[in-house]
Amino acid sequence: MKYQTLLSDNKIQCNICPRNCILKKGQEGFCHVRKNNGNEIVLTTYGYNTGLAIDPIEKKPLYQFYPNTPVLSFGTLGCNMGCQFCQNWKTTKNKNPDFKLNKTSPQEIVQIAKHYNCKSVAFTYNDPIIFFEYAVDCAKLCQENDIKTVAVTSGFINPEPAKEFFQYMDAANIDLKGFSEDFYKKNCHAHLKPILDTIKYVKNETNCWVELTTMLIKGENDSPDMIQEQCEWILENLGPDVPLHFSAFFPNYKFTNYPATDFETLITARNIAIRSGLNYVYTGNLANVQTSSTYCKNCHKPIIVRNGYNLFEYNLKNGNCIFCNTKCDGRFS
Ligand code: SF4
């Protein structure tokens, strides 16, 4: 019984994420997929998934992790975040027990990934932190079979489970949803501090390759001051080589009265990040060749030319720029 504490009166505390839900017998946590069955907290979605699909790795988004390779992607149901702007709310907020799910064991996940020549398997669409046991079992088996593993996550996890979880991940795209405690409290019913701790831990103390994503929402997290502060934090705590993706919001879930993000906003944010000293900054969802290509941090020539998910030119040899031989940060074949 990992990451749970037995309390009096048959209550059990789940210690996976900073919510630390205390659950009575039969009760589910905030995420709706971890439940006190009377003896222990169980994951009710173990082995079940939704959205099993083969994506380009760029869609996660990961732009500097084996570019242009296929990734077998899946998620389950539920989430431990309460984001009012969720873009995947039909699965993350779904409580319908009849919702159609695939039943796929970790062994079958590996078989499917091999069959379709997928370089990696991604735990995505909803946060794998809440389906910890299923994701970790799949990830261990993938690594034994030379398949890379990817987590797409909010990073809202406690330090102890984070150690185990990220030990089995080769790459992670972690959301940095906004750079203020107020933003996280008001719009995600969560906290910024534990997420910053996770990002620092994964980047600085594990071998997992990290890229960050910030989805910009008008009037909530797109002010130049907030973006400047975020970039300064990244520079100071992670260094200049962590890729940062600014992606566009589309009206969804409880935020249907907010406008979709315009391209200008993404460009402004990208310019602030580049001026702050970050070496790899991208726009996502709305992109052009200039803002979705990778540039050498030394000679500034384009080393991976893409438009969104489509790769047009690959100017790396053994992970080094073909123009000046400087190493590009990331993982390359
Ligand atoms: S993982 Fe789920 S049950 Fe556990 S603390 Fe977080 S929200 Fe609560």
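Let's start with the nonpolar core: the largest one here has 85 residues, and V121, V150, M169 and A172 have the most contacts inside it. By nonpolar core I mean a set of buried Ala, Val, Leu, Ile, Met, Phe, Trp, Tyr and Cys residues joined through C-beta atoms within 7 Å. Buried means that 20 or more other C-beta atoms lie within 10 Å of a residue's own, with C-beta atoms placed from the backbone. Helix α3, residues 132-144, gives the most to this core, with seven residues; helices here are DSSP runs of H or I, at least four residues, and strands are runs of E, at least two, numbered from the N terminus. Domain 1 (1-44) and domain 2 (48-321) each supply at least three residues to this core.

A word on the model: it is predicted, so local features need pLDDT of at least 70 and side-chain atom pairs count only at pLDDT 80 or more, while totals for chains, interfaces and linings use all residues. Residues are numbered from 1 along each chain as its sequence is written.

Back to M169. Leaving aside neighbours within four places in sequence, M169 is in contact with A139, T149, V150, A151 and C208, where contact means C-beta atoms, placed from the backbone, within 7 Å. There is also a second, separate core of six residues, including I303, I304, L316 and C321.

Now the two domains, whose bounds come from an automatic or database domain assignment. Across the boundary, 12 residues of domain 1 are in contact with 19 residues of domain 2. On the domain 1 side, those residues are eight nonpolar, two polar and two charged. In that count, Ala, Val, Leu, Ile, Met, Phe, Trp, Tyr, Cys and Pro are nonpolar, Asp, Glu, Lys and Arg are charged, and the others, Gly among them, are polar.

Which residues are around the ligand? Among them are C14, C17, C21, C31, R19, R34, N80 and I130, each with its C-beta atom, placed from the backbone, within 6 Å of the ligand. The shell divides into seven nonpolar, three polar and two charged residues.

Last, the strands. β15, β16 and β17 form an open, antiparallel sheet in that order; strands pair if DSSP finds at least two bridges between them. β15 (294-295) and β17 (310-314) are at the edges with a single partner each, so one side of each has no neighbour in the sheet. β16, residues 302-307, pairs with β17 over four bridges, and N307 stands opposite N310 in β17.

Terms used
Two residues are in contact if their C-beta atoms, placed from the backbone, lie within 7 Å. A residue is buried if 20 or more other C-beta atoms lie within 10 Å of its own, exposed if 12 or fewer, and partly exposed in between; C-beta atoms are placed from the backbone.
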